[in-house]
Amino acid sequence: MENHRFVLVGVGGQGTILASNLLAEIGLLLGLDVKKAEIHGMSQRGGSVVSNVVWGNPVYSPVIGQGEADTLIAFEKLEALRYLPLLKLSGRVFINCHKIEPITVSSGKQVYPGDTVIENALRQRASMILWIPANEIAEKIGNIRVANSVMIGAVLKTLEIDFEYGIKALEKVIQPQYRELNLQALTAGFEWQPE
Amino acid sequence: MKRLLSGNEAVARGAWTAGAVVGSGYPGTPSTEILETFALYPGVYAEWAPNEKVALDVAIGAAYAGRRAFATMKHVGLNVAADSLFYAAMTGIEAGLVIVSADDPSMHSSQNEQDNRQYAKFARIPCLDPADSQEAHDFTISAFNLSEQFDTPVLLRLTTRVCHTSTTVEITEQRFTPSERIKYPRNIAKYVMVPANARRRHGVIEHRIQEVSQYAETFPHNRMEMRSPRLGIITGGIAYQYAREVFPDASILKLGMVYPVPSKMIKQFASMVERLIVLEELDPFIEHQVRLLGIDVYRGNQDLDSSKSIFPVVGELNAQIVRVSAIEAGLIQDIHDHEGFQISGVELPQRPPVLCPGCPHRGAFFVLSKLKVPVNGDIGCYTLGLTEPLNAIHTCGCMGASIGVAHGAAVAGDQERHVAVVGDSTFFHTGIPALINVLYNRSNVITIIMDNRVTGMTGHQDNPGTGKTLQGKETVEVDIEKVVKALGFTHVKTVNGYDVENIEKTLKEWMKMTEPAVLITREECALLPEARMKYVPLEVIEEKCNGCTMCFRVGCPAISKSEKLDPQYQRPLAVIDPALCTGCEICAQVCPRDAILFRNQVLPKAEV
């Protein structure tokens, strides 16, 4: 197959890396070659986080360059915009309807763009944009920390990947005590319907 | 059995399989996870040393004692350990010795960009450069074997993309059992580097590297992949992946050993292709060796003065950068949309790394920013004191530099009072000798040791001050205050990192004195599990807040401007995000209107 390149972006503490582990494991279960690259930046919390997952047969470069990503998965709205140049023309965007103000905004120096501005910018590049209320869904399940699994559930659904692969990947990647919660989140994301 | 492993995990696994029994290192991105993973294997000893030089000496001692050993560090760590690298290259070893250097092209988390393959050539030792996790695993095993075969340390050079990329790895459950233990050598001609012995050894190691060079011709990880003869690419390390991606039809000479290179193989490869290029990240390291063989390397339309052909010498490569350079050099047709898409019509707010909510370093930085003194910083989370609105770090070079730089400015006669800021782990790393210098040579530097009870930025590693070892054993807790007092400092004080008033009072008093002083701001990192148990999010009383902005000046991500305005001044009120606030109370202390509740005011409310 042609390579499928995913870029996962978020803010430190949102579980971006765990979500990319899940996606990488799903690729392996599908019998594909997989590479997953992450960057550990300078800050533990609150900094921008990006991870690349590439499925293919075989995969060479683990790094996704400008205009090369098939799918952009953003756990935070502003980060979707920041990494949009990585998306190829007519790529897909999964965006969590969640805002985390950076210090540049809370200190009043810069302005956080509104949803319409974000949507319009994404439209310049993407053919499909899914706004997912992943934090809300996760909160209903009982923990906002599983918003990442909600997002991956929605990705599986859109890519028409059998849900069983998601369950098996959870078993490999998530520690036993958090599996049930993440399974609920993955299911909720998979079953979620855009309004 | 195939597993998805990061390059770092693969090196740890390879080291275990190769029978390494000692691993020592100092944490540093992107190398840290190697030892963290190795420490979990059965039958190994793994430790965090106070710095990379000590780590390498430890590995050398173990290898002298006939046990396979390795030392791990980031690229700049090898600068610290360079002294040891060079003597170990001279003496050789009794059992395999591998030095793992994790380079950071593009400086994702580093102060300078350097290509540590150069160290191999400098010290006359072989260098292996893997391209993925499978190779990271296999090359680690090869490195131990090579080390023993040629009686030399071997440099295993990784880069961020190899360290932190997970790819599938075939591993075995069998572990190499080393031969019988030897008696610690008394071979002074080989192991005591006094000039007479060292002079003889220099000839030995020059001969040795010639032998390795011969061996490189048959080294199994140097291989030719013949495809179309029109373009031939010599490459090594992660650049191999970009070569395969961008030039799928090209023939490739893939060098697993990038120093010394197999000259016959290179000549043969060059004769089999019509056009030859070298594709490598950072320095033209392979390229220079190829050109020294008198082989013509295609340079596109570049002038002859540029030291590296076709591809950038600065920064990390990726397939896109390689493609663009190749198009410019006329190697491939422009088929892709590589024009770089720019988002138009939106100003994108930056998200710079910041001190976390509840960071115990914030108190001292808030005071320093008020005092407006020059602050010389060091390497660690506290470097982030440089960010808005604190702006409280003015220089930062390398591990342990803060105190020496501050002293230098002071003895040069700079009129301002200089402050040095150093973390607990950095204090143990290289801070202590510099602090002795301040005392011995009598400058008035005020040193602040920000002791957050852990090595923070690299992801919470233990250090000599934490009372725990890498393998989780209880140990002595080196008391920083006692160490500083034992050196002979008379003005030494430990305060809580959140105690803004006390920090301010102490620093202001010391500014009036002429003697040097040491302030230890002590409080555990707010992200440690024990600290997380104590979170109590604070609250703003809207009726009391008038939007004076004082609390915004502490630069905490948990405090932001609310949409509500103060009725009198029309200024936005402060609001605290309960999901981020830890309850460190720094904002509550600086609020002039008591509009932010302290923990003991919030707690009773919650209990009602």
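Q: In this predicted model, which side chain meets that of K172(A) in a salt bridge?
A: The side chains form a salt bridge with an N to O distance of 3.9 Å, which falls within the 4 Å limit for such a pair.

Q: How many salt bridges are counted between chain A and chain B?
A: Over all chains, the structure holds 36 salt bridges. One that crosses between the chains pairs the side chains of R323(B) and E68(A), at 3.1 Å from N to O. Between chain A and chain B the count is five.

Q: Which element gives the largest share of the side of chain A that touches chain B?
A: Polar contacts between the two chains, with both residues at pLDDT 80 or more, amount to 15 residue pairs. On the chain A side, the elements that give two or more residues include β1 (4–11), α1 (16–29), β2 (33–38) and β3 (48–56), together with α2 (77–82), α3 (103–106) and α4 (115–123). The largest share is six residues, and it comes from β2(A).

Q: How much area do chain A and chain B bury between them?
A: The contact involves 55 residues of chain A and 51 residues of chain B. The size of an interface is often given as the accessible area lost when the parts come together. Carbon and sulfur atoms carry 58% of the area buried here. The total is about 4800 Å².

Q: Which residue of β4(B) is the bridge partner of S24(B)?
A: Strand β2 (residues 22–25) of chain B pairs with strand β4 (residues 69–74) of chain B through four bridges, in the parallel sense. In β4(B), the bridge partner of S24(B) is A71(B).

Q: What is the omega of the cis peptide bond that joins N57(A) and P58(A)?
A: P58(A) lies in the loop between β3 and β4 (69–74) of chain A. Chain B also has a cis bond, from T29(B) to P30(B), with omega near 10°, and P30(B) is placed in the loop between β2 and α2 (33–38) of chain B. For the bond between N57(A) and P58(A), omega is about 0°.

Q: What is the phi of S106(B)?
A: S106(B) is found in the loop between β5 (97–103) and α6 (117–123) of chain B. S106(B) is not a glycine, yet its phi is positive, at about 75°.

Q: How far apart are the C-alpha centres of domain 1 and domain 4 of chain B?
A: The domain assignment of chain B gives domain 1 (2–215), domain 2 (222–328), domain 3 (362–531) and domain 4 (551–607). Between the C-alpha centres of domain 1 and domain 4 of chain B, the distance is 51 Å.

Terms used
Residues are numbered from 1 along each chain as its sequence is written. Chains are lettered from A and ligands numbered from 1 in the order in which they are written. This is a predicted model: local features need pLDDT of at least 70, side-chain atom pairs count only at pLDDT 80 or more; totals for chains, interfaces and linings use all residues. Side-chain values use heavy atoms; hydrogens and water are left out. Contact means heavy atoms within 4.5 Å. Buried area is the accessible area (1.4 Å probe) that two parts lose on being put together, summed over both. A polar contact is a pair of N or O atoms within 3.5 Å; within protein, one must be able to donate a hydrogen and the other to accept it, and residues adjacent in sequence count only if both atoms are side-chain atoms. Domain bounds come from an automatic or database domain assignment. Two strands pair if DSSP finds at least two bridges between them.
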